[in-house]
Amino acid sequence: MDTTNVKRNDEGKRRKRKNEGLNRRKDTLIKKAYELGEFDGIDVALIICKHGRYTTYRSRDHASWPPSVAEIQTAYPLPKNILPEDIEKRFSKHTREKKIASQE
């Protein structure tokens, strides 16, 4: 077998595994959104964009749900706007605390 064909085949398998992993994570996220809405009574709206294709989930089937960005930003109390940096800080803080606790 030609080495270029082997490389292409390996690249295709790698992409397929990566895509399958992303799909599992997306399915888990949707399941968690469903559980928050169904079991905890929380209104949930989820938008996922992967390769330009949107997947949406909403826990309520109302025309007014989810609210627009403008409606969210003018709501009271003011919304918490969480960015990826905030999550990274939170996780790094928990990691440091676990390391310190395990050393004691």
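**View A. Phe39 is exposed, with a relative accessible area of 59%.** Exposed stands for over 50%, buried for under 20% and partly exposed for what lies in between (1.4 Å probe, protein chains only). The model is predicted: local features need pLDDT of at least 70 and side-chain atom pairs count only at pLDDT 80 or more, while totals for chains, interfaces and linings use all residues. Residues are numbered from 1 along each chain as its sequence is written, and side-chain values use heavy atoms, with hydrogens and water left out. The count of aromatic pairs comes to 1. Phe39 and Tyr34 form this pair, which is edge-to-face, with 6.2 Å from centre to centre and 80 degrees between the planes. (Rings of Phe, Tyr and Trp, the last by its six-membered ring, pair if their centres lie within 6.5 Å; planes under 30 degrees apart are stacked, over 60 edge-to-face, and the rest tilted.) Tyr34 is partly exposed because its relative accessibility is 37%.

View B. (Helices, H or I with at least four residues, and strands, E with at least two, are DSSP runs numbered from the N terminus.)

**View C. Arg14 and Glu11 form a salt bridge in which the closest N and O atoms are 2.7 Å apart.** A salt bridge here is a side-chain nitrogen of Lys or Arg within 4 Å of a carboxyl oxygen of Asp or Glu, and the count comes to 4. Both Arg14 and Glu11 lie in helix α1 (residues 3-40), 3 residues apart, about one turn of the helix. Arg14 counts as partly exposed because its relative accessibility is 40%; Glu11 is also partly exposed, at 32%.

**View D. A salt bridge joins the side chains of Glu35 and Lys32, at 3.9 Å from N to O.** Glu35 and Lys32 are both in helix α1, 3 residues apart, about one turn of the helix. Glu35 is partly exposed at 23% relative accessibility, and Lys32 is partly exposed at 48%.

**View E. Asp43 forms a salt bridge with Arg60, with 2.9 Å between the closest N and O atoms.** This pair links distant parts of the chain, 17 residues apart: Asp43 is in the loop between α1 and β1 (45-50), and Arg60 is in the loop between β2 (53-58) and α2 (69-73). Asp43 is partly exposed, with a relative accessible area of 37%. Arg60 counts as partly exposed at 29% relative accessibility.

**View F. Ile82, Ile87 and Phe91 make a nonpolar surface patch of about 290 Å².** (Patch residues have over 30% relative accessible area and no salt bridge; like charges are joined within 9 Å, and nonpolar side chains, namely Val, Leu, Ile, Met, Phe, Trp and Tyr, within 5 Å.) Areas come from the Shrake-Rupley method with a 1.4 Å probe; for residues, only the protein chains shown count as cover. Ile87 lies in helix α3 (residues 84-103) and is partly exposed, with a relative accessible area of 31%.

**View G. The protein has 3 helices and 2 strands.** Along the sequence they follow the pattern α-β-β-α-α. Buried residues make up 8% of the 104 residues. The protein exposes about 9600 Å², of which carbon and sulfur atoms supply 54%.
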